[in-house]
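This report describes selected local features of one protein model. The sequence and the structure are shown first, and the discussion follows.

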Amino acid sequence: MAPALHQTIEVDDTFRVEWQAPFDMVVRGLMVALQGKYAAFMRRIDQLVAMPNRSAAVTSFSKEIPGALPLLWHFFNKLETPDWLPHLSQRKLLAAPLSQDDESGGNGLPLRQWPAGRYLLRMAKSPDPAARTLVAGALRAVAASTHPDVQLTGMEILAALPADEAASLVDLAEGWLTPAARFIMAQGPHDLIRNLARGGKGDAALRTTRAVFQLFSENERLATLFSRHMYEHFLPDAVKAIAPLCKVEAVALLADLLDQALHIAGKVSDDPPHDYSYYLSGTVSEHGTKHDVIDALVGETVRAAKLGIEADPTCAGDVVSRIKGHSSRLFMRIALHVLSFAPERAPETAQALLSTPELIDATWCRIEYGQLALSWFPSLSPSVQQDILAYVDSVPGIYRERLNKRFAEYQKRSPTEEEQRARDASIVRDLVWHWRDVLPTERRQAVEKLGDPDAWRAKLDEPDASPLTAPDFSSRPIDEIVAFLDTWRPSAGETRETATALAQQLRDAAMASPLRYSASAAQFSALPPIYMRRLLEGLSMASNNKNELDWTGVIALIEVVARPDRQPAASGMEGDDPDWSWTRKAAMDLLASGLRRGAEGLSFAHAERVQHVIFEFYRGAPRKPDTDDFEESYRRFPHHGAQSTSRGAAVELCVLFIYWMSKDDQSEVGKTQRIAIEKLPAIRQVFEAESADSTPDGRVPRAILGRYLNWLYFFGESWLLQHLDRLFPDNDISLRDAAWHAHLSADSGPISALGPRMRDCYATEISRLNDKADERDQQHIDDRLAEYLIILYISAALPDEVFEQFWNTAPTRARQHAMWFLGVELELPEEKRPDPFRARAVSYWERRLAAAKASSSPDSFREEIGAIGQLFFRKGISDEWLLDQTIAMSEAGFAPSDPYSVLDRLAKISSELPDRVAQALASLVKCRHFDSWIYMTQAADIRTIFVNGLATGAPETAGMVAEAINYLAAIGDTSYLDLLPNPPLNKG
């Protein structure tokens, strides 16, 4: 027999299934039914709050007002005095919620579900002790709750109470701070620590700190209550609060946490014994960025020790002792560092540590030992100092036999006496370097004569220097610069002058003064290849930036580079290029830059020389890829991979030559651009030979020709149609993909006329869209495929079955991107997208919305259809059309993404189209998939829309606005109720 409702029922799984779930369902249904009357309920609540008889008001509230969250929030937000507390407690209106489910059924604002908590928080700040006692009692009553809102607000309430009262409730905080806690990023726990510390409640502050910054193992990894890097963010403030008060105990707490972290992370183990802790923190200091939990705990242990000793210098010995109490080497490093700041407060400990042979000789604490020695070695007695230095002098002898054996193994001989003396001196130097300033003068000078043991590290970071500076390159005559480059050779010296740095300066000079250096480019033709390459690179960058060049001089230099028989012999200079391949590639890049500029680049008078040099590059290019990373580069971006090879660059020059010649309206090619390939038979022969290569190396020319498929179609449509099957061979997918992927990823767009011939390429690529994401180039392949399909849809260039395949099989991201690109097309002006094509574009959206409405799985359409939200950015798309689509999709249960842009545009056009905008907003508000956060972030836009809608005076529009306002009130946003006329109040 089920228990009566007045009997106590255990809140377990059975209760949740048999009682709570049905009850929640009924309450949600009631909320929906009452949404239109929320304004009246809100006003009745205002009346109850104004009643002087608190008991009667609470009784009436319990009887008259439904228990929906927005109404509860409105009620408790109105309460400002503590005299409500006993009556609310008696009616159990302060109790914790039983369920963590959203009371709004998934469609409300992200309201917290314990409205009474905010009232209790205000009362916790009351000056009335009796009121605070009632607050404490209410907290005790919900102590066992695991509801995150109770725990979150509960921590804020604890932090708001006076320290002595909060200290008696710290066990609540400890109970709430578990690995399941979801509120640790909130400010409450951290405010509580500071409040307790400021109030002198050290034990309670330590307990709270330990709970907040607890550590545990999760999936065999070190874990905290915080998200990534936030432990390191919050810990310093806690330490600054507790360390001056708790001193030694604060240090002990942090050392315990650090020791626990080392063990959980596996850096220290007792079984089997190992200690890898000493290298975990590069510098033992509280300063600088801390990149992980262990690093943060090291720094904050140091900070706590310093703050504690500053507050009470007499505790220095105990602080160091507590740190040293942990056996890991990292703690010894920390202890040495901390003691170096106040060795006079623990002189015996300082002397004992400095006299420990294992620490004198240890590499893992050399810096920290040096810090303590700098502070305290001068204060030691002469006999103790002598003992320490005697041990230092003995260290080379300890290792001599082992080092001599190792030397003999590598050098196949024994070290000489001089070599042993130098090595012994280096060992001593390494031991005392960090505290050499307090050594006797003679010792210090001997050590410093050997130099910094870490100087080799600085050498590695020392930048190369050029023997000529930028002013030299800009002011000296060109022939003088060439003569210097021809005769200068790097030599050993203090300054690291290199050919690499000198060549870099030459490149920068050519880029800065391209006309000067291009006019004299031929004078550089006898120099080592590194200088010619850098000169060509500098001129290429200048050309790319549309600077003027003297192309006569440039071509003269390129002619030398293109012909191997005219290239100088290798220089053998340190830093020079190994051969001429890089220089040839730089020359091709510069020539390509000039050709791309059309009539603004090279003079057409050079046409014969340019064609000749292109064929020189083509004949000299190896058939196989000549770059080390070709396969990786080709896999990531086929055109770039092919372009980086000599063969690919030469084929690209042939394509660019056609384009360049087409800009000469005095030439045959310029006069008959659409048959340019026919007019250039030598170039045509290159294309035919390259497209006939059926070996794997044939990917290179196909990737180039695929990249320029639009040009090939324009300059030689008949030629391309004749050779299309050779470029895209059906019997070799690898070769077909070379041309296809280059066309898809790098060309200017699809070719509608070739749609039927390339149907299989599109169908195959669509079928690949569901391959593993890490194997796909989403930006250059997937997104571009979606864009190409939109263009081909608009032009009706592919059969519907291809688009159906895309709609039915493509992942959401691809379909969503297609919808975004549809907006790009819809925004184009009429001259670029005439009405018939615009109608076809609109039909794409209409077909997708119709499919979404008819689908039994609407969730699979939400992101695709929602992408229309991004179209609100586009000013060229009709306001009326966007409104129509927003209303249609919202009423069908679909919401636009990017709600910020949607509401921003709706607000801006609401003065011109108030009725339609009000209707659109009302539809959006009632769509449970519309992002409800937007109601809090763009309240001004929403109010503007409501005001403009009501200003029309149209009853239908006013009704839609009123309905939307009541709906928002039902889900917790009551800020628009003032726009409505006062409804009649039922006082029961």
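Predicted model: local features only at pLDDT ≥ 70, side-chain atom pairs only at ≥ 80, totals over all residues.

Most residues other than glycine have a negative phi. Glu220 sits in the loop that runs between β1 (216-218) and β2 (221-223). Lys247 belongs to the loop between α13 (230-246) and α14 (248-264). Glu220 counts as exposed because its relative accessibility is 75%. Lys247, at 23% relative accessibility, counts as partly exposed.

| Helix | Residues | Number of residues | Span, first to last C-alpha | Expected span |
|---|---|---|---|---|
| α2 | 38-50 | 13 residues | 19 Å | 18 Å |
| α32 | 607-620 | 14 residues | 20 Å | 20 Å |

In α2, the span is close to the value expected at 1.5 Å a residue, and the span of α32 is likewise close to its expected value. The buried residues of α2 are Tyr38, Ala39, Phe41, Met42, Arg44, Ile45, Leu48 and Val49. An α-helix has 3.6 residues a turn, so residues three or four places apart point the same way.

In α32, the buried residues are Ala607, Val610, Val613, Ile614, Phe615, Glu616, Phe617 and Tyr618. They pack against four helices, namely α30 (551-562), α31 (581-596), α35 (646-662) and α38 (681-691).

**A contact across the sequence**

Ala39, one of the buried residues of α2, is 942 residues from Pro981 in sequence, yet their C-alpha atoms are 9.7 Å apart in space. Pro981 is placed in the segment after α54 (955-970). With a relative accessible area of 69%, Pro981 is exposed, whereas Ala39 is buried.

Gln420 is part of helix α22 (residues 417-432). Is this residue buried or exposed? Gln420 counts as buried because its relative accessibility is 18%, and the cut-off for buried is under 20%. Leaving aside residues up to four places away in sequence, Gln420 touches Arg400, Asn404 and Pro415.

**Cysteines**

How many disulfides does the model contain? The count comes to 0 disulfides, a disulfide being a pair of cysteine sulfur atoms within 2.5 Å. Cys315 counts as buried, with 5% relative accessibility. Cys365 is also buried, and its relative accessible area is 0%.

Notes: Residues numbered from 1 in each chain as written. Heavy atoms only, no water. Helix = DSSP H or I, 4+ residues; strand = E, 2+ residues; numbered from the N terminus. Buried < 20%, exposed > 50% of the residue type's maximum accessible area, 1.4 Å probe, protein only. Expected span 1.5 Å × (residues − 1). Contact = heavy atoms within 4.5 Å.
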